[in-house]
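Please keep the sequence and the model in view while reading.

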Amino acid sequence: MREGVGIEAEAYFLPESKRNVSEVLEEEDIPLGTLAKAIDFRQDVGIEEIHVTEELSSQLALRAVQKVMTKAGLTGNDIDVVIDFTSIPEDYIGPTWSAAGFIQREIDARNAFCTAITVGGCSSYHFALQSACALISSESGLKRALLFAGDRTPKYNKTYYPITVSSDGGSALILRKGCGRAIITDIDIISVGRLHDVWYVPGLGQRTGDREDNLERLLHMHCNVKKFNDNVILMNFTMFNRLIDRILRKAGKSREDIDLYIYPNFSTWDQDYFCRATGIPREKVYTRRLAERGHVQESDMVINYRDALDDGLITKGSLVMTLTNGAGFAWSAAIVRH
Amino acid sequence: MKTETGSVAVRIVSTSCCLPPREMLVEDVCKSEQVKLESATADGLGITRFRVFEGKWRSQLALAAAKECLKKASLKGSEIELVVDYSALPQDYVVPSWCMSNKIQAELGAAKAFNLGFGGGGTTNFLTAVKFAASLIKTAEVKNALLISADVALPGNRVINPDTPLTVLGDGGSAVILSRGRSGCEVMSVELWSDGRLNDVSFVEGGGLANPDRLDLYRLRVDTAMYSQDSSLDTLKAVTRRAAENAGVGMDELSTFITPNISANDRESFERVFGLTLDDPFGANRRQYGHMHGADFVVNLSQVASIRSEKRSRFVAVCSHGWGFSYGAMIVSM
């Protein structure tokens, strides 16, 4: 069985520079009108501004990592494992490269080994939690894991139509065996592999010829809208309900026992549907800064947890569930006793 | 003797590789990639031919290997609870936004599984995948894990590097099933260590955020100025010693050392630094398949399993230097 692992500290970084979302939607030629379930994306997304930068994603990750290390009062020597859980393309393409080695170098974590979780969409946060908790609790020589993500979307690819608009940013957390703070009591993940290509980035490998124009567009996130509408839209909240029931059953808890649900900042319409479908009261679902920040991929899980703490909504002993959909093919959750 | 698994034994239940049928000679690829191959360099490579994948989706290689692996283990897709991708080269779509393990889960009908992938460590991704999968098995979250890879060289990018050839890439897929409560070779320990200073010793410079439209940089390259063979092998020896200690096994009890099929020179240097007989036990695999990243370990491990001798020690080390960045060593009891 898994030994107790807690979150020793968490931090995030958002670049100062911001852009107005209505300008972004115009620039990216996002369609007008309704999509599935009579949703008007432009009207119902509920995001007004996003953070943007020209910096590479590894730099955003580094700033978040430096903040979390300072907050936890740690040096690189204290870290045994470094895991990159970024879910969108990084400085260089995976799985050949990840930012984990770069971060190890920058914080001088000379005892650590590095790797990257290469799956999950926004659920990569939970995939990383699951993997890291299993590893450090099963090996006596390992105590601390540093998990981080750095996300910068390419130019003209801020909008993940029909879901959300993305901010650039980074996040990091330290997991420690035997940590009494934010103890991760349960983690659950559902993977639906047949939806592996609802969201995808084609890459240079999918170019149609060496003379293809605008190769940069091949690094944009693509959505198979038909597959999305025919599958994800129809099953999303059924899957959330299944996931919530499953993890609560494992934990021996009920929906009412959870003090706060940390949910991703996808859109206003998504949140409304989530609350309606799950019966969880709106005030228990934390996405407070949706309008001013939008969605920061998998980092939403860390950012919203941290913000909820700072807002006084999570206090010692609070029972918190972090949960998300991951790129249409995964649904994941963790229960944390703060 | 002890095991990191405590009371839970994690075993390699079955292994399989899928090698595409088409063969190509190294001398021909050198011509097409305009590589001048001196005879001394050719001897140092020790690779004669390799396999070439001609389909559109490289994941087909992993799928075929996975199906064979399940068959060998007498398992159904529905009995797999974890699928882990340990590929090293660019995939069907850009990673980490896309991961092959999801596609394989769907194709195998592994409805109960959740899917993982590990990247950034080159060939050592294989040992990383084993370590994490074993942890999930030990903590009782998973009983049967399927590990998969599919590595296909980028077009015109088989000789790494063209100016100073270190290896020649062959195409191949592989699969391994790890389980508890079933018979097979026991994973005694896996030790990993990284040197972040060399994080960019081997990578594809084009196609990511830094150089999104640089087709000329869309190729794997190893930085030979950064990579020091001798110091890397010394470090690998230390990592292997730690893995052996964790398994409660002496270095002198290890009968076979499995390494990736990078080159004859790489293997010879490994044998020299580790104080082994210069017998190049996996030379035949290297000569006919080239370097297939994680699949090399599976090909070589299968060979050891098929010819194990009653007279020899049953402990085997699986070692990877990851070009000086990502080191790994696993001790297996055959």
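The structure itself is a predicted model.

Chain B contains nine helices and 15 strands. Its radius of gyration is 19 Å, close to the 20 Å that the globule rule gives for 334 residues, so chain B is as compact as a globular protein of that length. Along the principal axes, the C-alpha atoms of chain B fill a box of roughly 55 × 45 × 35 Å. Of the 334 residues in chain B, 60% are buried. Among the contacts in chain B with a separation of 6 or more, 80% are between residues 24 or more positions apart.

The next topic is the meeting of the two chains. Here 60 residues of chain A are in contact with 57 residues of chain B. On the side of chain A that touches chain B, at least two residues each come from α4 (100-107), β7 (113-117), α5 (124-138), β12 (183-191) and β13 (199-200). Helix α5(A) gives the largest share of this side, six residues. Sorted by class, the side of chain A that touches chain B consists of 31 nonpolar, 18 polar and 11 charged residues.

Two parts of this meeting can be followed in detail. One involves strands: β7(A) and strand β5 (residues 114-119) of chain B run antiparallel and are joined by two bridges. In β5(B), B:Phe118 stands opposite A:Ile117.

The other part involves helices. How do α5(A) and α5(B) lie relative to each other? Helix α5(A) packs against helix α5 (residues 125-138) of chain B at an angle of about 75°, and their axes are 8 Å apart. Angles of 65 to 115 degrees count as roughly perpendicular, and α5(A) and α5(B) are therefore roughly perpendicular to each other. From α5(A), the residues A:Ser131, A:Ala134, A:Leu135 and A:Ser138 meet B:Phe132, B:Ser135, B:Leu136 and B:Lys138 of α5(B). The residues of this contact between α5(A) and α5(B) comprise four nonpolar, three polar and one charged.

Is helix α9 (residues 300-310) of chain A largely enclosed or largely open? Eight of its 11 residues are buried, so α9(A) is largely enclosed by the rest of the structure. The buried residues of α9(A) are A:Asp300, A:Met301, A:Val302, A:Ile303, A:Asn304, A:Tyr305, A:Arg306 and A:Ala308. Their cover includes β1 (5-13), α5, β11 (169-177), β15 (260-262), β16 (285-286) and β17 (319-326) of chain A. After α9(A) comes A:Gly312, which has a positive phi, near 80°.

A:Ser17 is placed in the loop between β1 and β2 (18-20) of chain A. Because a residue with 12 or fewer other C-beta atoms within 10 Å is exposed, A:Ser17, with 12, counts as exposed. Beyond its neighbours within four places in sequence, A:Ser17 is in contact with A:His51, A:Val52 and A:Thr53. A:Ile50 is 33 residues from A:Ser17 along the chain, and their C-alpha atoms are separated by 8.5 Å.

Two peptide bonds of chain A are cis. One joins A:Gly94 and A:Pro95, with omega about 0°, and A:Pro95 is in the loop between β6 (81-84) and α4 of chain A. Another joins A:Tyr161 and A:Pro162, with omega about 10°. The loop between β9 (159-160) and β10 (164-165) of chain A holds A:Pro162.

In chain B, two loop residues deserve a look for their backbone angles. B:Ser74 is not a glycine, yet its phi is positive, about 55°. It is located in the loop between α3 (59-73) and β4 (82-85) of chain B, and B:Ser74 counts as exposed, with 10 C-beta neighbours inside 10 Å. B:Asp280 likewise is not a glycine and has a positive phi of about 45°. B:Asp280 belongs to the loop between α7 (264-273) and α8 (283-289) of chain B. With 14 other C-beta atoms within 10 Å, B:Asp280 is partly exposed.

Conventions
Residues numbered from 1 in each chain as written. Chains lettered and ligands numbered in written order. Predicted model: local features only at pLDDT ≥ 70, side-chain atom pairs only at ≥ 80, totals over all residues. Helix = DSSP H or I, 4+ residues; strand = E, 2+ residues; numbered from the N terminus. Rg over C-alpha atoms; globule rule 2.2 N^0.38 Å. Buried ≥ 20, exposed ≤ 12 C-beta atoms within 10 Å, placed from the backbone. Contact = placed C-beta atoms within 7 Å. Nonpolar A, V, L, I, M, F, W, Y, C, P; charged D, E, K, R; others polar. Pairing = 2+ DSSP bridges. Axes fitted to C-alpha atoms, helices over the stretch in contact; angles between N-to-C directions. Parallel < 35°, antiparallel > 145°, perpendicular 65-115°, else oblique.
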